[in-house]
Amino acid sequence: APGRVQIFTTVVDTFLEKLMAAGSYQKFAKCYRSFYKLQPEITRSIYDQFVSQLQDSIKEEIQDVKDEGNLEELFNSLDKIVEEAKDCKEPAWRPSGIPEEDVRSSLVPYLLKHRSYLQKILKEKEEENKKLAQSVLAGRDRIAELQQLIQARKLAWQ
Amino acid sequence: LDELIVETAIRRKQWPRKILTHVIQAMKAEQE
Amino acid sequence: SLNLRAYEAQFFGFTPQTCLLRVYIAFQDYLFEVMLVVESVILKKLEGFPGCKISSCQIRKSTEKFLLFMKEHFDKLFSRMEEVLLQLVLNIPENVLLPEDKVHQQFPYTKAQFQALEEEMERLQQQYRAEVAGGQALRAELEEQKAVQAELEKILQWFDGLDSTCREHGTGNFKESFVLL
């Protein structure tokens, strides 16, 4: 399918063509009948100038609008975006008009990243604490053992 | 009306990124 | 128009209506300007025919007639062009999402889902803080255990010292050992 740039150019050219076809020389001569009768050749050359001047001005204007709005680049990139979306049949998301709602989805990927970071460090901390707990339990056993040893020695002495 | 439309559309395009910058900074600070 | 075309404005940085209005006004200005040029050229030419009876008023009437005719066609053709451009060029089909909004396609979170995610993160943070506190308590106990174990081992060594003293001096009965001690 023709891209937006091509459609834009074609549509404007068609507009011009049709406008000039409507404002034909016959029409022009008819409106300026008195002058046409007096000077048909001059009328023709004035009409030709009118046509070329109008066409040039309009073409120039279109080019200005294209340059000002950076239209060609925008049209081409929009063609690409539309092409990429050609498989989506469903109507796509559109701003809801409620900023709080619309900004939420933008935050989600980062919140998910933050969540997995939290899960990671929590897991690490839990593992670390498990090891610590084991050493604390071992330490408690060791202390109980020492207390028993001391108790036994003390009893022996007593 | 036209200016409002353009202004709103520009905010819709740019502000989520701006807000994100602050949210990410807050998260990083929290992580630190 | 009912459709404010805000999404197009988000992409183009201007509303399609503005763009077309700008083109319309420019074209219209050119049409008027060129007509004025045509009229001044004709009047200039007429100066070369002093005897002719065509007045500038007549020429003005002809200009207005031709311009009116052109303007009618201009407006008709322009509104058709506008329709086509709004439909095929300056529009974003409804199935299309702009790149900056892709995130809405990937993460279409409802308010409830978002809240659930935030609550889950809050819970993870609390759990993490609890684990950190637990870890600190465990470390504190380990430190304490070290001191206690050192004390208990010292006592045991003391007993060992005791025993070895007795062994060294080979005392038999208790009274002597006690004196020795």
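**Interfaces and domains in a predicted model**

Across the interface of chain B and chain C, 4 residue pairs are found in polar contact, with both residues of each pair at pLDDT 80 or more. On the side of chain B that touches chain C, the residues divide into 4 nonpolar, no polar and 4 charged. The structure described here is a predicted model. The contact between these two chains takes 8 residues from chain B and 11 residues from chain C. The area buried between chain B and chain C is about 890 Å², and carbon and sulfur atoms give 59% of that area. The count of salt bridges between chain B and chain C is 1. B:K13 forms a salt bridge with C:E100, in which the closest N and O atoms are 3.6 Å apart.

We now turn to the interface of chain A and chain C. Here, about 8200 Å² of area is buried between chain A and chain C, with 76% of it given by carbon and sulfur atoms. Chain A contributes 85 residues to this contact, and chain C contributes 88 residues. Between chain A and chain C, 26 residue pairs are in polar contact, both residues being at pLDDT 80 or more. Six helices of chain A, namely helix 1 (4-22), helix 2 (25-31), helix 3 (33-38), helix 4 (40-68), helix 5 (71-84) and helix 6, each supply at least two residues of the side that touches chain C. The largest share of that side, 34 residues, comes from helix 6 of chain A. By class, the side of chain A that touches chain C has 48 nonpolar, 16 polar and 21 charged residues.

Individual residues illustrate this interface. Which residue of chain C does A:R115 meet in a salt bridge? The side chain of A:R115 meets that of C:E120, with a distance of 2.8 Å from N to O. The interface of chain A and chain C has 8 salt bridges. C:E120 also takes part in a polar contact with A:Q119, formed between the two side chains at 3.4 Å. A:Q119 lies in helix 6 (residues 99-157) of chain A. Leaving aside residues up to four places away in sequence, A:Q119 touches C:E120 and C:L124. A:Q119 counts as partly exposed because its relative accessibility is 33%, a value between the limits of 20% and 50%.

Finally, the domains may be considered. Chain A is divided into domain 1 (4-87) and domain 2 (111-158), and the C-alpha centres of these two domains lie 87 Å apart. For chain C, the domain assignment gives domain 1 (6-101) and domain 2 (111-180). The centres of the two domains of chain C, taken over C-alpha atoms, are separated by 93 Å.

Notes: Residues numbered from 1 in each chain as written. Chains lettered and ligands numbered in written order. Predicted model: local features only at pLDDT ≥ 70, side-chain atom pairs only at ≥ 80, totals over all residues. Heavy atoms only, no water. Helix = DSSP H or I, 4+ residues; strand = E, 2+ residues; numbered from the N terminus. Buried < 20%, exposed > 50% of the residue type's maximum accessible area, 1.4 Å probe, protein only. Contact = heavy atoms within 4.5 Å. Polar contact = N/O pair within 3.5 Å; in protein donor to acceptor, adjacent residues only side chain to side chain. Domains from an automatic or database assignment. Buried area = accessible area lost by both parts, 1.4 Å probe. Salt bridge = Lys/Arg side-chain N within 4 Å of Asp/Glu carboxyl O. Nonpolar A, V, L, I, M, F, W, Y, C, P; charged D, E, K, R; others polar.
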